[in-house]
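The paragraphs below walk through a two-chain model. Keep the sequence and the coordinates at hand while reading.

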Amino acid sequence: MTDQLCTRQVCFIMAAYTAAGKLLMMPAELSYYCGGDLWLPALIVYVLQVAAVWAVAFACSKTDKTFFALIEGVLGKAASKVLCWLFALFFALAAVLPMFSQKLFVQAIFYDTIPALITFLPFFVFSVYAGAKGLKNAGRVADIALPLMGISLIVLFAMSVGEANVGWLLPVLRTTSASSVFSGARFSLYNFTDGAMMLMLMGRFRYKKGDSLKITLSYALSALVVLLFLVLFYSIFSVLSPDQYFAISKMAIFFSALSIVGRVDLIAVYAVEICMLFALAFYIQLSVTCVCGALGKEQSKGRSASPASAVASVAINAVLLAVLIAFNNSYLVVQEAFGRFLWIVFVLFAFVLPPLVWALKRGMGGGANGKVSGGTGKKAGRPPSG
Amino acid sequence: MQLNKGIEAIKDVLVSADVITYEFSSAAGKKFALIYVDGLVEKAQLGELVVKPLAKAGKEAGAAEVRAILASPEVKEVDIPSAIKEISYGSAVLLTDGCDELFSIGLTKPPGRAVAEPPTQIAVKGPREGFTEDIKINCALVRKRLKSPDLRLDTVRTGKRSDTAVTICYLADVCNNEIPKKLAAQIAANEIDVVADSSYVGRFVSSRPRSLFKRCATCEKPDIFCAKLAEGRVGILVDGSPIALTVPYMLVEDFQSSEDYFISSYRATILRFLRAVAVVVGILLPAVYVAAQLFKLQLIPFKLLLNISSSVSGLPLSPSIEMFLTLFVLEVLNEASIRMPKYVGLAISIVGALVLGETAVNAGIISTPAIIIVAFSAICLYVVPDLVETTATLRWIFLIIAGSIGTFGIILFICLLMCYLVTEQAYGVPILAPFSPLIPHDMSDGLLKRDMFSLSTRPAALKGKNKVRFRRKAGGGDNKGGNDDKQAAKEPRGGEDD
């Protein structure tokens, strides 16, 4: 076990980073499919994800090995390395749409006029740096990011709740067919990588009794916040919702005090944006971790990033940058590709693989009840990254 | 040894006009010589305690008799190389004709100022004594406050030519004992000609000496210094510097003032938040103003926007150049007012405030809002004076970023700073503790300041020994906020991810 994080940080990551990415485009997309029942597809997917997160978190109570170490124990080193590469690709892929959303969000919210792509490019400087820093850094950042996001969302909710009319959401399933709900759920799958994230955090913290419940509850709480956000969003914008991209920046716009004091809600939006940027960078951090694992290299040397990690981060960011430039004005095309074709990849990595960790009983060392502890166990449990 | 030979041996090495040789004889004809540096020795005491008694020495007086005459703990026998060192440090060395023994007499009194209130850490309530440039006085000021036998003052010397004394202070039963050893090793590992100030030593003991963020806290008051030692930190006093250093350093320390511990905890909490907000405003305000004007006018309330637009209309400079220029003038004025003699400084202030400010606005070179923002930013930064070096630099960086990328650049740079700072540490303690890693126990004396009864255990982040620092004995009053032994004995947990 590498012990890079503590349980609190895992909880914070699962609460903050998983929610941050779902507040930009997902509300408008879901309302397009389901109207006032937009929370239903989200709820369905979240129930599955909570189960996946719980499965992985509970598996942590049985072993202190990382996911890749478990694979190595059961299927061999080659399989472990192949999976490392596949997960690295998956997380890089998972970063693509959030990156496009971020670019559009930045262009719309940070500037009065739509600026050129070049204004978003400095993001990659931050991304290369953060990506190379490793999971310990992500955990430490989450310690600050979660309170920051929590306070900001409370402020935004408080500012916008006055304009909300929950009546728009009632009665449930009035106009939405079940197939629309499932279409919405399927189309939003690319927003849900949380089970896979938890899989990567497995074996990276020292498990204590009750931690699986804490982690699952913190994730469920973040799910509740997102669902609440969806409800509030439709209660404010009603039938206009499908056109309201970047809802988070628009929700508080009707707050009466803003006409006197200016757009102070933007301070809270910018604070949430900080968490969103970290959430986006977290995909790259996970991808770099997987690449380093596949190459068998250390991710960090003391407090500094290792050369392998830095090179991996530069390479992943370069690919993402190339994709961004290539599809700069084709967000809808990319979104369509993810929603219609690539959703199966997300199902596989974030929904199917996490519960399968239970099938790796042999690698857990002495069956499901045989928790590995002590020197040899820890040594054996080291991931390929060392 | 003949007197002349001894004098020659020393004077051959100490060839300097300020090294005085005073030769005298006793009534019985025994010859002596005192060698000392003019100005470093208390001459009156030397006459009273050395020359006068020795005047009665007999012709055949030997080393033992001389030692008996000079019965004082400050007298010690030395050889010639040590005698040369002692003279340099400010002692007088006594040579006796016909004796091989030399005596060093510690009547050092180097010129220096008296203990006074330091200009940078003024307190309305609380002790007012400040450190001086004399390390002996500073050590005494520390010992005066911490009479514990566990207080250790270990002296090492650094500086090839200055041979500066550096005293590492710590409470042996409280601090992590690895830190003093590491400090001594780090100081010894640096060979430099002259150690002019404690900031040199601060860089020696820093893991990242080139970082914008310091790794040692500084203080000028012995009460703060002792409080930090009692928390489990290790202090460094450097001869010739009134600024003491303490490690491990946490960023939050700079937002705390000694007065916070002497006033109501509610007021102290408000003041700490105020300082934090002031620093954030001080760093970001010029940048946000420029970014808002250039890229996002919505950030400014509409009526204020109208006022600003009337002020800036007709200005020949872009908002970023205007702010850059105004900030540049402020920095120049600041620098000049510090360096100029007092009387000229007053004139500079008048010229700066009236001539440059008023006239520049009237001439339509810069706008009034720009001056207000820069002035307010400067005031805000000085709310936390220990951080000014860092915050003033950050203000420039943010301004350049805001002028080129706008608010998104500001947000990105904040993210980058966060990313950098969260993994930085000084002596194993994360500098962003207790916020990252989150240490709930230490939050009660972070930005929040709880009452003294609630601060019964030492900061967990410091990972020292002997956690309990306050215990109320039975019958100690009915204060409900007070801790009982059980609470006090509860061990706080530090950053778990380390």
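In chain B, among contacts with a separation of 6 or more, 64% are between residues 24 or more positions apart. In chain A, 88% of the contacts between residues at least 6 apart in sequence join residues at least 24 apart. Both values come from a predicted model, for which the predictor reports an ipTM of 0.90 and a pTM of 0.88 on the complex.

Chain B contains 17 helices and 12 strands. Its radius of gyration is 29 Å, whereas the globule rule gives 23 Å for 498 residues, so chain B is more spread out than a compact globule. Along the principal axes, the C-alpha atoms of chain B occupy a box of roughly 100 × 65 × 40 Å. Buried residues make up 41% of the 498 in chain B.

A local feature of chain B is the hairpin built from strand 1 and strand 2. Strand 1 of chain B covers residues 19–25 and strand 2 of chain B covers residues 31–37; the two run antiparallel and are joined by seven bridges. One of the residues involved is B:T21, whose bridge partner in strand 2 of chain B is B:I35. Five residues lie between the strands of this hairpin, and B:G29 has a positive phi near 100°. As a general point on such elements, side chains in a regular strand alternate between the two faces of the sheet.

How confident is the predictor in chain B? The average pLDDT of chain B is 87, and 95% of the residues score at least 70. Confidence in chain B is highest in strand 9 (residues 234–238), at 95, and lowest in helix 17 (residues 485–489), at a mean of 47. Over residues 480–485 of chain B, pLDDT stays under 50, and the model has 12 contacts beyond four places in sequence for this stretch.

Chain A is built from 16 helices and two strands. What radius of gyration would a compact globule of 386 residues have? The value would be near 21 Å, and chain A agrees with this at 21 Å. The box filled by the C-alpha atoms of chain A is roughly 65 × 45 × 35 Å along the principal axes. Of the 386 residues in chain A, 57% are buried.

A:V239 sits in the loop between helix 10 (211–237) and helix 11 (247–250) of chain A. Is A:V239 buried or exposed? A residue counts as exposed if 12 or fewer other C-beta atoms lie within 10 Å of its own; A:V239 has 11, so it is exposed. A:A94 is 145 residues away from A:V239 along the chain, and the C-alpha atoms of the two are 29 Å apart.

The last topic is where the chains meet. The contact involves 33 residues from chain A and 30 residues from chain B. On the chain A side, helix 1 (7–20), helix 6 (122–133), helix 7 (135–160) and helix 13 (265–295) each contribute at least two residues. Helix 7 of chain A gives the largest share of that side, seven residues. By class, the side of chain A that touches chain B consists of 18 nonpolar, nine charged and six polar residues.

Note on methods. Residues numbered from 1 in each chain as written. Chains lettered and ligands numbered in written order. Predicted model: local features only at pLDDT ≥ 70, side-chain atom pairs only at ≥ 80, totals over all residues. Pairing = 2+ DSSP bridges. Helix = DSSP H or I, 4+ residues; strand = E, 2+ residues; numbered from the N terminus. Contact = placed C-beta atoms within 7 Å. Nonpolar A, V, L, I, M, F, W, Y, C, P; charged D, E, K, R; others polar. Rg over C-alpha atoms; globule rule 2.2 N^0.38 Å. Buried ≥ 20, exposed ≤ 12 C-beta atoms within 10 Å, placed from the backbone. pLDDT = per-residue confidence, 0-100.
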